Amino acid sequence: VAVAALLTGTGLTVAPGAAPAVPHGHGPPAARIADEPTRRFTLTAGTATVDAGGRNVAAWAFNGQVPGPELTATVGDVLEVTLRNRDIERGVTVHWHGYDVPNDQDGVPGVTQAAVRPGQEFVYRFRADQVGTYWYHTHSASDVGVRMGLYGVLVVRPGPATGLDVTVPVHTLAGRQLPAPRVERVEPGVPVRLRLINTDSTTHRYAVAGTPFRVAAIDGVDLRGPTPLVDTAVLIPAGGRYDMVFDAPATPVALFVDGRAVYSTGPVPTATGAWPVLDPLDYGATAPVPWSRTDKTFTLVLDRGLDLRRLLPRYAHTVNGAADPDIPQQVVRLGDVVRFTIVNRSQVVHPWHLHGHHVLVLTRDGKPAAGSPLWLDSFDVRPGEVWEVAFRADNPGMWANHCHNLAHADAGMTLHLMYS
Ligand code: C2O
Ligand code: CU
């Protein structure tokens, strides 16, 4: 059942610019959190000309900048973000990637709200109860919208930042990689936290030259210790985040993304680029799977093929042989422990992303996750791979579940998780 059909099928109508009623009984956003906001931001989306690595390019920007403003909060804050659309004809929303907000704040047009049209606004409000590194982006015409620049960083800290705590959102704009390389001096011994965020639609390879590091968190969730020091590269999927930590050595350190130094603490060390790649399934201390039962199982087979359910058959990225909006919804009940298996039968990587929940990795190609429990919201399912993940259905609503190569998502690879 398509989402639009489901909304109309239950007799609900969507007024332009208003939050549509969604079939899970939440009130309108303002009523959801009665507390006064403690952090207020305004994001104004508009066409803009921005500097991308020394060249002026046409972009779509929040507040005239790419990335948009960095939104920071401390745990316990109540965030209020007013989204305004100045002139983005395709419409705009804000989705809080990896942040498990109540469903009516999730920013998916046609599912949790209507797209914000030029001249309109929408107010998001949610509690900063989830510490970690996240990002936000438009979910309206998301492929072109994010590619053109409608994204930014969201960080929730447990308290005042200690040491050097920086975010590095990597994004490709008009063929140029952002951010421009930057140099920041740091005293030896100072604790450094690099919050790496991949806002592109393809995987990037990140490595630190000049010091070993620990991976402190993945997708906003702290890893279970002890996390060993490693001298490796990490592959971050589209949408994914890694927090790397180390104490600044006396000599300079540099962060490389796909072989290019984007951040350093002095003259860039000569790097060989030959780091091995860390397998996060083997990293950190193992803990038992928190559930012994499974209430629901799903299998998603990812492929590419003709979508024959259309009047004009088109080549699409498919799930179980169908393309959005014809992929059946996954229906769960509140409290269910849900297990799903993702099989990639295609020739390309599909970075999978479930909204509103983090999933626990159980196995990849039959190999159990041996390291710290990996609670991910974005993970690369490579050609031929089979991933088995699980989550607890604890956040009612209707949630997008899609490939985060946003061109694939737009070309069929999107389905929805729904609570009955
Ligand atoms: Cu980062 Cu549905 O998206
Ligand atoms: Cu894909």
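I started with strand 25 and strand 26 (residues 367-368), which run antiparallel and are joined by two bridges. Strands here are DSSP runs of E, at least two residues, numbered from the N terminus, and two strands pair if DSSP finds at least two bridges between them. Arg364 has Lys367 as its bridge partner in strand 26. This hairpin has two residues between the strands, and Asp365 takes a positive phi near 50 degrees.

A note on the source: this is a predicted model, where local features need pLDDT of at least 70 and side-chain atom pairs count only at pLDDT 80 or more, while totals for chains, interfaces and linings use all residues. Residues are numbered from 1 along each chain as its sequence is written.

Next I followed strand 25 (residues 359-364) to strand 29 (residues 386-392): antiparallel again, over four bridges. There Arg364 pairs with Trp387. Strand 25 also pairs with strand 27 (residues 375-376) in the antiparallel sense over two bridges, with Leu360 bridged to Trp375.

Then I checked the domains. The assignment, automatic or from a database, gives domain 1 (3-157), domain 2 (164-278) and domain 3 (296-419). I found 21 residues of domain 1 in contact with 18 of domain 2; contact means C-beta atoms, placed from the backbone, within 7 Å. Which element gives the largest share of the domain 1 side? Strand 7 does, with five residues.

Note on methods: Chains are lettered from A and ligands numbered from 1 in the order in which they are written. Two residues are in contact if their C-beta atoms, placed from the backbone, lie within 7 Å.
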